[in-house]
Amino acid sequence: EIRSFKPDYVFMAVSSSEILFERDMVAKRIKQEVPGCKIVTVGDMITTLPDLIKQPFDIGISGEVEKVVAGICENKNLSDIPGIVYRKNDKIVVNQKKLLLTKEELEELPFPKWELFDYKKFTYYPLIFKKPVATMLTSRGCPFKCYYCSYSQNMGCAWRARSAENVVEEMEHNSLKYGFKGISIRDPVFSLDYARTEKIAELVV
């Protein structure tokens, strides 16, 4: 598919445990199939260990991606795009300032277009037996700064939560339009605001 599509950019989410495989095998294979494309990576390892940015990775995004992606795809000067990591003259350049979305901006984000993916195969077995399963983020940020966790590094320490109404609207959208049988909520601290959590539960029921 990627060979026929011939994208200018490929955005890859990388994981802590598999980043070397993802860089040296997966990303390398992508560049072999589409030599002219640039690979942009997202993940906690890029934030904490920017030295991992080396070919075939071209650019890394440190923190949230929404405000950064447009600048990259519009081919802006990399030095003018905050929150990214890249190499220049074989040296790592880290644009420190991260762009985090506000609560209001989170609510304005469109719901995912799951039809762009082979979503009917999505599963969360063995925690959820039925499929397909959608993932959701109802809030971002974590104030606790646990030393073993990267959430506060990537999402910031300020907790920003979508309203209960907005969250349930997405749940209904996922269920009615796409037929999802389960939803995995991937928030760092979903229940930080008990009143919001209770309201979500009440609206679902």
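**Ground rules.** I number residues from 1 along each chain as its sequence is written, and my side-chain values use heavy atoms, with hydrogens and water left out. As the model is predicted, local features need pLDDT of at least 70 and side-chain atom pairs count only at pLDDT 80 or more, while totals for chains, interfaces and linings use all residues.

**Helix H7.** I took helices (H or I, at least four residues) and strands (E, at least two) as DSSP runs, numbered from the N terminus. I checked the length of H7, residues 164-178. Its expected span is 1.5 Å times one less than its number of residues. For 15 residues that gives 21 Å, and the end C-alpha atoms are 21 Å apart, so the two agree.

I then looked up which residues of H7 are buried (under 20% relative accessible area; exposed is over 50%, partly exposed in between; 1.4 Å probe, protein chains only). I found Ala164, Asn166, Val167, Val168, Glu170, Met171, Asn174 and Tyr178. Their cover includes H5 (103-108), S6 (133-136), S9 (182-185) and H8 (194-204). After H7 comes Gly179, with a positive phi near 75°.

**Leu109.** I placed Leu109 in the loop between H5 and S6. It is partly exposed because its relative accessibility is 29%. Leaving out residues up to four places away in sequence, Leu109 has contacts (heavy atoms within 4.5 Å) with Glu66, Leu101 and Arg140.

**Phe122.** I found Phe122 in the loop between H5 and S6. Its C-alpha lies 4.9 Å from that of Pro132, ten residues apart along the chain. With the neighbours up to four places away not counted, Phe122 touches Trp114, Phe117, Lys131, Pro132 and Val133.
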